[in-house]
Amino acid sequence: MFLRSSTPEPLSDEDLVLRLKTGHQASLAALWDRYAHLLFGVAMKYLRDTERAKDLVTEVFGALPDLLVKHEVRTFRPWLHTLARNRCLMILRKHDPNVRMDEHVQPQLDDTEEAVLREADLQRLEAALEQLNEGQRACIRSFYLEQLSYERTAERTGFSVEQVRSHLQNGRRNLRLLLQRPLSSP
Amino acid sequence: MAPVSPFSPRSPLPQEQLRRYLAGELDAAAQHQVELHLEQDPLLREAVEGMRLPGSLAAMEQLHNTPPPAKSMSSGMKIGVVAAAAVIIGAVWWYASRPEVGVAQQASNASTEVAPAVSKEQRAAFAEEVTRAKALPKEMRTGAASEEPFVAAVHAKRAKKLDRTKEEVVPIETRTTPIERTGTDDGPRTLDRSPSHRQLLFLHDLKLVDPSELYPANPLLSVRTGSVEARFSDAEARANAPSEERTIGYADFMNEALGRFVAGDRQACLEQLFYLMDQHPDDVNALFYGGLCAYELGLHQRAMAYLERANTHRIDTFKEESEWYHAMAVEKAQGIDAARPLVMKVAQRGGFYAIRADEWLSAR
């Protein structure tokens, strides 16, 4: 088939992991295509060296088949993220023993927060927005409801991009808490 | 369709889109879509922090073009592999040093020689042929309109196949790669990569073999400008006229040609691809899409010739499609009986066109 739009739906990460565990090497190539550049970015953030970052990505993927057999992995993406980050921290610890390992697997936003926000009706959303502080409200409105970029949101609100991202994170969390309250609650 | 939430990205984030975001090439609306992903994905967020560091984008590109590592080996396995490699290298050296191998190699080279470029007479004949072409009816043409009814059936069949855990999964060749423009053209090279690792390029959502698979350096192609075409009253005069030419890179050339294809202008597309084949007769992309255009224009002999070459090309990226459309061109040119064994071969192969082949055989 020569039309790209007609290619089959890609397998999920978890399907690929299952196949990799049974020795299907082509699944490793598919995971590489999805994640090598992301792991590289994470490694660059910690190691600040392109060659060391590339080596780390190669090392992680080389060990992946064995690690997946040894560990019970429910959601591959956050597990891989933590694995890569810990490998980086291990490298850094060789130079600075005070560097601490990160055992926490960060959940994706989608698990709770995004689901609540996605399903909220407009009226409740507006009511909840009014209860946020000014910075969070302005950033949430500009970024999510008016679909502006970080930069445009920053220009409009007068905040820096870092402040915008902080307001978005805190604002989302507060919105979720407000939206999850029963309707009769104050 | 469920309304799109402003809190969710509309679609998955392609790697190329991420690269363009980091390079500052996206407009504000597209930036926002990428940033929706950043807001909900801690891995992506941390990765982007690292990707913004100097040298990251170039290193990422190198990584992208590197195959994944093989499974880590034990030292015992490594010794075994080295020993086996030594035996193989020794055997190859012994075989190559035999005097009769040189002759065999020459014969082999002769059989893979590229077809000669077209003559002036052939160009004139082509121009005449295209001018008089009678296009196939719409329902018989290639492309999305005719392919889509079969897509759901193929997906269902593949999904059923993938349920069996031991079944081999067909690799998905969807990787794109930017084109390096070096400006030299030394002709095609011999390739030894397997089809599952062929680099592809998609233009207008149409599959192409990346020129890096066909040429040692991205070729600059001569393109006739449209003003030449308009000045002349007939095909012969046009073919004999000195051409006003400009040169452009391969991807830009194909982008123009395939833009004409998707716009429905098969004649203009074929003319442009014919011009490409004049310069590179063995270009598999031109052979395949030229074959499709010729088929749709009712130029069945030409379609058969191009599609047969695309089908048997050393790069087999278009093998499945070429085999099917070659069979269809044979049907048009020589009749059902001549096409039947070719269609049976497609049906037995079991690929994307097997369903269509089965339907064709049932109906005849």
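This is a predicted model: local features need pLDDT of at least 70, side-chain atom pairs count only at pLDDT 80 or more; totals for chains, interfaces and linings use all residues.
**Aromatic pairs and a cavity**

B:Tyr325 is buried, as is B:Tyr353.

B:Tyr325 sits in helix H16 (residues 319–334) of chain B, and B:Tyr353 in the loop between helix H17 (336–349) and helix H18 (354–363) of that chain, so the pair ties together parts that are 28 residues apart in sequence.

Over all chains, the count is 14 aromatic pairs. One of them is B:Phe261 with B:Tyr289, which is edge-to-face, at 5.7 Å between centres and 80° between planes. Here B:Phe261 belongs to helix H12 (residues 250–262) of chain B and B:Tyr289 to helix H14 (residues 284–296) of chain B, 28 residues apart. Both B:Phe261 and B:Tyr289 are buried. B:Phe261 also has B:Arg266 over its face, 3.8 Å from the ring centre.

There is also a cluster joined by ring pairs: A:Phe143, A:Tyr144, A:Tyr150 and B:Phe7.

Now the cavities. What lines the largest cavity? From chain A, the residues are A:Trp32, A:Asp33, A:Ala36 and A:His37; from chain B, they are B:Gln15, B:Leu63 and B:His64. Helix H2 (25–47) of chain A and helix H4 (56–64) of chain B are the elements giving two or more residues to that lining. H2(A) gives the most, with four residues. By class, the lining of the largest cavity has three nonpolar, three polar and one charged residues.

Conventions
Residues are numbered from 1 along each chain as its sequence is written. Chains are lettered from A and ligands numbered from 1 in the order in which they are written. Side-chain values use heavy atoms; hydrogens and water are left out. Rings of Phe, Tyr and Trp (its six-membered ring) pair if their centres lie within 6.5 Å; planes under 30 degrees apart count as stacked, over 60 as edge-to-face and the rest as tilted. Buried means under 20% relative accessible area, exposed over 50%, partly exposed in between (1.4 Å probe, protein chains only). A charge sits over a ring if NZ of Lys or CZ of Arg is within 6 Å of the ring centre and within 35 degrees of the ring normal. On a 1 Å grid over the protein atoms alone, a cavity is a set of points where a 1.4 Å probe fits but cannot get out, and a pocket is an open set with protein on both sides within 12 Å along at least five of seven lines; lining residues have an atom within 4 Å of a point. Ala, Val, Leu, Ile, Met, Phe, Trp, Tyr, Cys and Pro count as nonpolar, Asp, Glu, Lys and Arg as charged, and the others, Gly among them, as polar.
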